[in-house]
Amino acid sequence: MSAVWTRVIPSLVALGVWMLWAPTVWAHSGAPYPVLLEEPAGPYVVSVLADPDVGTGTFLISIALPDGVAASADTEVWVWVRPEDGHAAEARYAAGWEGPPARGRFVARVPFDAEGVWDVRLTLDGPAGLGEAAFQVRVTPPGPGWVTSLVCMVPFLIIGALWVVGTLRPRSR
């Protein structure tokens, strides 16, 4: 075996093991997207980012007063969800405070059992009073499967193999 192969093969094996070992690569399904941006909800101004996947959906909720001051952590935030097709009754989930007081936000993790359009309603109860906001989200599958990821990697693997063959091939003079 040539000296180049003794360096290339261990490097490729290490890369392959690292790719299989990295669980965050397999868990990626995209960033949350905005569903509400600075919408009034009673005495509050609400912004919501959503990542509604079948299984567990996530809602990131920022609440402020009209003067721009963030709502306090003792504000109660509830997320109510109901499928538009009516296959399940409306359910309520608490949103918990997450992060430092100056930049914190509320996070709700909601179990979704089916794809489709879901009605979402936020209810707020805090020192400034009561508020409510409503919107819809489309619940989607939780991301591409491992087969899709593998198919997307094939062109890059082919280019890498061609590059390795090209660099190892002796040049004619």
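In this model R92 lies over the face of W78, at 3.7 Å from the ring centre, where a charge counts as sitting over a ring if NZ of Lys or CZ of Arg is within 6 Å of the ring centre and within 35 degrees of the ring normal.

The model is a predicted one, in which local features need pLDDT of at least 70 and side-chain atom pairs count only at pLDDT 80 or more, while totals for chains, interfaces and linings use all residues. Residues are numbered from 1 along each chain as its sequence is written, and side-chain values use heavy atoms, with hydrogens and water left out.

Aromatic rings also meet one another. Rings of Phe, Tyr and Trp (its six-membered ring) pair if their centres lie within 6.5 Å, and planes under 30 degrees apart count as stacked, over 60 as edge-to-face and the rest as tilted; by this rule there are four aromatic pairs. One of them is the tilted pair of F59 and F135, with 6.3 Å from centre to centre and 55 degrees between the planes. This pair links distant parts of the chain, 76 residues apart, with F59 in strand β3 (residues 55-64) and F135 in strand β8 (residues 129-139); strands here are DSSP runs (E, at least two residues), numbered from the N terminus. F59 counts as buried because its relative accessibility is 0%, the class being set at under 20% relative accessible area, with exposed over 50% and partly exposed in between (1.4 Å probe, protein chains only). F135 is likewise buried, at 10%. Ring pairs link F59, F112, W118 and F135 into a cluster.

Elsewhere, strand β1 (residues 33-41) runs antiparallel to strand β2 (residues 44-51), and six bridges join them, where two strands pair if DSSP finds at least two bridges between them. Within this pairing P40 stands opposite V45 in β2. The hairpin of β1 and β2 has two residues between the strands, and in it G42 takes a positive phi near 65 degrees.

The loop between β7 (116-126) and β8 holds P127, which is exposed because its relative accessible area is 64%. Leaving aside residues up to four places away in sequence, P127 touches Y44, S72, D74 and T75, contact meaning heavy atoms within 4.5 Å. The C-alpha atoms of P127 and D74 are separated by 8.1 Å, although the two residues are 53 residues apart along the chain.

Technical notes
Helix = DSSP H or I, 4+ residues; strand = E, 2+ residues; numbered from the N terminus.
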